[in-house]
Protein chains: 2
Amino acid sequence: MQIAIALFPRMTALDAIGPYEVLQRLPQFEVVFVGHQRGEIRTENGFLGLTVDATFAEVPHPEVVVMPGGVGTRALMNDKIVCDWLVQSYATSVFTTSVCTGSLVLGAAGLLNGLAATTHWAAMDELGATGAIPTDARVVEHLDQRIITAAGVSSGIDMALRLAELLVDDTAAKAMQLGIEYDPQPPFDCGHLSRASEAVVTRLIEYASIRD
Amino acid sequence: MQIAIALFPRMTALDAIGPYEVLQRLPQFEVVFVGHQRGEIRTENGFLGLTVDATFAEVPHPEVVVMPGGVGTRALMNDKIVCDWLVQSYATSVFTTSVCTGSLVLGAAGLLNGLAATTHWAAMDELGATGAIPTDARVVEHLDQRIITAAGVSSGIDMALRLAELLVDDTAAKAMQLGIEYDPQPPFDCGHLSRASEAVVTRLIEYASIRD
């Protein structure tokens, strides 16, 4: 069984690698990194190269699709190859999922119409514009529709543990959590916008404007 | 200022990408992925390719060193090029750090003699054999010695937030936490060995034996 994780220029690495690190340890699955063409893509700032091993066309029916986010997602929203692949693979997938602004691409492909969904906190309005109902939750799942969306960047780890439970069983998911020693102890409590001060938000905007 | 993250065959991707995702957003730093030779390396199971952009020799004096872990670290413990690079770069680094079994390599290089240090929970005995004092903590820091070690895989995210605070200030670190929306909500509470059942540990060992 295949888990396809999309890679594309100017993506956010952790959106893909968080779920990968959980799911690659399930021996029932093969993980394949898919993209427009085989070879290297670069993350937002160009610091990191990741390898695409198969084109979208070469992986038409994966059991699981993971669409990561990043500034590069805006280009994908109008990309017919990506949107068609999402729609086509969704028809036979067990779960179609996204992390961060990856949900904007699911939305652009028409997969989130009228559905509650989540994304990075800074992209909620954009998500709503695709027809989804933006929802402030870390993971939003629709088991009937086989669609799961996760919030910003690091939330893909939480989502992948839930996916492992759904795909195998809860013992498997717990074993994956122990394997990656996911016993989070953040030194601060600023991971949600509601608990971040104005100074923190201002600093983030300042840094992002320099890096982008 | 440079942050050098080592890449090597059969490494664990999240050990490197967790810290990368936090630190790459600090505009004061350039992140460079270093290794034996430029080009692609593959993670444990071969599913993921990551690009080495510079050799160890080309980055002799980074301000920060991050040594990730993975099954491939055992080969590095007897690797003179890697151990010499760690010792040499340590002399001028602001912080030399490790994630997961990356601390075994710091230990093999002689950097942890008599120091409390941490690693993946399954590698504590190996860590002790290098001369370090194995310590069950998520992040162990020695600010006088400029050495920080983190526990298994996902702990690199927590360590990197602390590093951001030490390298810049706490507002910067909190901004990075908000940027990656690190508000962890694991669906289970099995991230530490003390809270995992025998069935979970058994499953993890079973899966690891298949994948390795």
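Glu181(B) counts as buried, at 5% relative accessibility (buried means under 20% relative accessible area, with a 1.4 Å probe and protein chains only). Its phi is near 45°, a positive value in a residue other than glycine. Glu181(B) sits in the loop between α7 (170–179) and α8 (198–211) of chain B. Helices are DSSP runs of H or I with at least four residues, strands are E runs of at least two, and both are numbered from the N terminus.

This is a predicted model, in which local features need pLDDT of at least 70, side-chain atom pairs count only at pLDDT 80 or more, and totals for chains, interfaces and linings use all residues. Residues are numbered from 1 along each chain as its sequence is written, chains are lettered from A in the order in which they are written, and side-chain values use heavy atoms, without hydrogens and water.

Cys100(A) also has a positive phi, about 60°, and is not a glycine. It lies in the loop between β7 (95–99) and α4 (102–108) of chain A. Cys100(A) is buried, at 4% relative accessibility.

Now turn to the interface. Here 76 residues of chain A are in contact with 75 residues of chain B (contact means heavy atoms within 4.5 Å).

Eight salt bridges are counted between chain A and chain B. Each pairs a side-chain nitrogen of Lys or Arg with a carboxyl oxygen of Asp or Glu within 4 Å. One salt bridge joins Asp183(A) to Arg195(B), with the closest N and O atoms 2.6 Å apart.

Conventions:
Buried < 20%, exposed > 50% of the residue type's maximum accessible area, 1.4 Å probe, protein only.
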